[in-house]
Amino acid sequence: MGKHSSAADGADAFLSQDELDVEEYWLDQVVVVAAAGVVDMLTAPRLTEAISVAAAKSPAGVIVDLSKVDFLASAGITVLVAAQAKVTPNARFGVVADGPATSRPITLLGIEITLYRTLQDALDDLNTAGA
């Protein structure tokens, strides 16, 4: 999952762009954008781009799966809020986040995003709602 740096290679410790993997896949009419790693101010643009590209394909729903995200900074939460605003006029939107690194910061900030504990929960909800 990207470049790992050692203490001797301290300059690279702050380059987190390689610490985020993003994958898109479809389950029926729902697109899943799965992220793994760190979502911070350096990697957030990569997540924004992936969600935008997926949403442009006119899915019935967009799920952002953060179940493999180790760290979600405020920049990542901003990406989710902006994505929800962009996607929801045309499709349903949800975020899979369960744990202290992902759902806790979203919940503590009072962000109004539909959160799911598992990808299956999100798929069940989006599909039963006609997505």
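View A. E24 stands opposite V33 in β2, in a predicted model where local features need pLDDT of at least 70, side-chain atom pairs count only at pLDDT 80 or more, and totals for chains, interfaces and linings use all residues. Residues are numbered from 1 along each chain as its sequence is written, and side-chain values use heavy atoms, with hydrogens and water left out. β1 and β2 run antiparallel and share eight bridges; strands count as paired if DSSP finds at least two bridges between them. In the hairpin that joins β1 and β2, two residues sit between the strands, and D28 takes a positive phi near 60°.

**View B. The sheet, strand by strand.** Here we step back to the open sheet, whose five strands follow the order β1-β2-β3-β4-β5 with mixed pairing. Its edge strands, each pairing on one side only, are β1 (20-27) and β5 (115-116). Strands (E, at least two residues) and helices (H or I, at least four) are DSSP runs, numbered from the N terminus. β2 and β3 pair in the parallel sense over nine bridges, and A34 can be found opposite D65 in β3.

**View C. Helix α1 on the sheet.** α1 lies across β1, β2 and β3 and runs at about 175° to β2. Axes are lines fitted to C-alpha atoms, for helices over the stretch in contact, with angles from 0 to 180 degrees between N-to-C directions.

**View D. The largest nonpolar core.** This core has 26 residues, and L47, V64, L66, F93 and V95 touch the most other members. Two or more residues come from each of β2 (30-39), α1 (44-55), β3 (61-72), α2 (74-87) and β4 (92-96). A nonpolar core is a set of buried Ala, Val, Leu, Ile, Met, Phe, Trp, Tyr and Cys residues joined through side-chain atoms within 4.5 Å; buried means under 20% relative accessible area, with a 1.4 Å probe and protein chains only. Leaving aside residues up to four places away in sequence, F93 touches V62, V64, L80, A83, Q84, V87, T88, I113 and T114, where contact means heavy atoms within 4.5 Å. Apart from this core lies another, of ten residues, including V30, V32, A34 and L126.

**View E. The buried side of α4.** In helix α4 (residues 119-128), the buried residues are L119, A122, L123 and L126. They share one side of α4 because they cover an arc of only 95° around the axis, taken from the directions from the helix axis to the C-beta atoms. These buried residues pack against β1, β2, β3, β4 and β5.

Terms used
Buried < 20%, exposed > 50% of the residue type's maximum accessible area, 1.4 Å probe, protein only.
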